[in-house]
Structure formats: structure tokens, C-alpha cells
Amino acid sequence: MAGKRYRRKGKTPIKNLPKTDLEWLSQNTHFSPNHILEWHKGFLADCPDGKMNREKMNEMFNALSPEAQADSGSNFLDQLFRIFDRDGDGHIDFKEFMIATDMTSRGDPEEKLRWAFRMYDKDGSGEIDLDEMVEIFCLMYSLQGYTEEEAVDRARTIFRSLDDNGDGTLQEDEFVQGCLDDAELLELLNAGIGA
């Protein structure tokens with residue numbers, strides 16, 4: 001049987017990161033090429049096939065935030081996949097993972113609010129209603145150890161103050177500016193999500 005190669009069962013050969021992906025990620029994220037390669041190595045250790053499924057993402061989310069409630073965690077995962085699974089295959093590949101990591105780990109409060117708004121603007125209409133705002137706040141507050149009741153109260157208070165025309169919706173700029181004008185929420189954003 002000379003000349004045949006054997007692989008150990010269950011092991012997928014490690015893939016190299018395509019040069020074009022490395023270049024694109026280093027130009028479009030805040031990560032250096034060396035940092036990206038280190039992330040890639042870790043990603044492949046956790047996801048040898050190069051794809052992160054919802055189960056693996058759930059594991060990672062629970063490890064990062066074990067106190068987050070099951071419902072908000074599930075909603076968070078649904079929204080992450082909707083936003084970052086750009087090809088719609090039910091998996092997040094390394095490039096998609098790095099985009100998500102970059103967006104959630106850096107940026108000022110305005111960038112984080114815009115990211116959160118887009119996450120919960122499920123229909124892409126450019127507007128959110130009170131229920132969607134409550135979801136955003138429940139996620140942000142639960143990640144910081146606040147109760148769901150505190151998050152809901154805060155969302156309702158801010159929503160009422162921002163919905164000037166009473167139509168029950170907020171546009172992205174209204175949402176972002178209103179949240180930035182709220183000192184308590186601004187402090188939470190500066191200390192919290194991906195900071």
C-alpha cells in the first residue's frame with residue numbers, strides 16, 4: 001500500500017487562510033495580519049471544518065455570558081446569524097466570524113448602538129418598534145448583570161421620550177441619538193458590550 005496517505009479518523013486537515021481573506025480582513029478590521037492568523041488558528045481548533053454552527057456559537061456565547069437568560073441568548077444568536085451569515089448557509093465562516101468580532105469588540109458607543117439597531121431591525125425597514133427596542137436593551141443589560149425588568153423599564157422610558165410623533169417606531173438616527181443622550185445608557189455602553 002505504498003504511496004497511499006492515511007488520515008486519522010475525525011481529523012480534518014488544517015486549512016490555510018487564503019491570502020485574499022487575510023488582506024481583506026487586515027484592511028477592513030482593526031486586526032493586524034499576525035493577530036488574524038492567531039485568531040484563524042484558534043477558530044480552526046474549535047471548528048476544524050472552518051464553519052461555526054449555531055451550537056458552537058451558543059457554547060461560545062454561554063461561556064462569555066453564562067448569566068444571560070436563555071431567551072435573550074437565543075434571540076442574540078438568531079440575530080447574529082441573520083446579520084453575519086452573509087451567504088445564508090447556517091454557519092459562520094472565519095471571515096464572517098472576524099467581521100462579527102471586529103464589530104462587537106471595538107468602536108465607540110454610537111457604532112455599538114448602530115450595530116445593535118441593525119441587529120434588531122429584523123425586516124431591514126430602518127425602523128424598530130418598542131418590542132424590538134426591549135430586545136436590544138434586554139441583551140445589553142443582561143450582559144452587564146441587570147435584570148430584565150430594569151431593561152424593559154429603561155427601554156420603555158427612552159422609547160416614549162424619542163417617539164415624538166407617536167407612531168410607535170424609531171428610525172436609526174433617532175434611536176442612536178436618543179440613546180447617546182441618556183447618561184446611564186452611555187455609561188453602560190462605554191463599560192460594556194465589547195468594550
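Is F94 buried or exposed? F94 is buried, with a relative accessible area of 5%. The model discussed here is predicted. The protein has 195 residues, and buried ones make up 39% of them. Its secondary structure consists of ten helices and four strands.

**Overall layout**

- Along the sequence, the elements follow the pattern α-α-β-α-α-β-α-α-β-α-α-β-α-α.
- Helix α1 spans 19–28.
- Helix α2 covers residues 33–46, and helix α5 covers residues 94–105.
- Helix α6 runs over residues 109–120, and helix α9 over residues 172–180.
- Helix α8 takes in residues 148–162.

**Aromatic pairs**

- The structure holds four aromatic pairs. Two of them are described here, starting with F31 and W39.
- A pair of aromatic rings is described by the distance of the centres and the angle of the planes.
- The ring centres of F31 and W39 lie 5.9 Å apart. Their planes stand at 55 degrees, so this pair is tilted. An angle over 60 degrees would have counted as edge-to-face.
- F31 counts as buried because its relative accessibility is 6%, under the 20% cut-off.
- W39 has a relative accessible area of 30%. That makes W39 partly exposed.
- The rings of F43 and F94 have centres 5.4 Å apart. Their planes are at 65 degrees, so the pair is edge-to-face.
- F43 belongs to helix α2 and F94 to helix α5. The pair therefore ties together parts that are 51 residues apart in sequence.
- F43 is buried, at 3% relative accessibility.

**The aromatic cluster and a charge over a ring**

- Which residues form one aromatic cluster? They are F31, W39, F43, F94 and F97.
- The cluster includes both rings of the tilted pair, F31 and W39. It also includes both rings of the edge-to-face pair, F43 and F94.
- The charged end of K95 sits over the ring of W24. The distance to the ring centre is 4.5 Å.

**Cysteines**

- A disulfide is a covalent bond between the sulfur atoms of two cysteines.
- How many disulfides does the count come to? The count is zero. The rule asks for a pair of cysteine sulfur atoms within 2.5 Å.
- C47 is buried, with a relative accessible area of 3%.
- C179 is buried too, with a relative accessible area of 0%.

- The axes of α1 and α2 come within 9 Å. They cross at roughly 120 degrees.
- That angle makes α1 oblique to α2. The crossing of the two helices is right-handed.
- The axes of α6 and α9 come within 10 Å. They cross at roughly 135 degrees.
- α6 is therefore oblique to α9. An angle over 145 degrees would have counted as roughly antiparallel.
- The crossing of α6 and α9 is right-handed.

- Where is S32 placed? S32 is in the loop between α1 and α2.
- S32 is partly exposed, with a relative accessible area of 35%.
- S32 and L22 are ten residues apart along the chain. Their C-alpha atoms are separated by 9.3 Å.
- E149 is found in helix α8. At 59% relative accessibility, E149 is exposed, because the value is over the 50% cut-off.
- E149 and C138 are eleven residues apart in sequence. In space they are 8.5 Å apart, C-alpha to C-alpha.
- P109 is found in helix α6. P109 counts as buried, at 13% relative accessibility.
- P109 and L185 are 76 residues apart along the chain. Their C-alpha atoms are separated by 9.4 Å.

Terms used. Residues are numbered from 1 along each chain as its sequence is written. This is a predicted model: local features need pLDDT of at least 70, side-chain atom pairs count only at pLDDT 80 or more; totals for chains, interfaces and linings use all residues. Side-chain values use heavy atoms; hydrogens and water are left out. Rings of Phe, Tyr and Trp (its six-membered ring) pair if their centres lie within 6.5 Å; planes under 30 degrees apart count as stacked, over 60 as edge-to-face and the rest as tilted. Buried means under 20% relative accessible area, exposed over 50%, partly exposed in between (1.4 Å probe, protein chains only). A charge sits over a ring if NZ of Lys or CZ of Arg is within 6 Å of the ring centre and within 35 degrees of the ring normal. Axes are lines fitted to C-alpha atoms, for helices over the stretch in contact, and angles run from 0 to 180 degrees between N-to-C directions. Angles under 35 degrees count as roughly parallel, over 145 as roughly antiparallel, 65 to 115 as roughly perpendicular and the rest as oblique. A crossing is left-handed if the near helix is turned anticlockwise from the far one by less than a right angle, and right-handed if clockwise.
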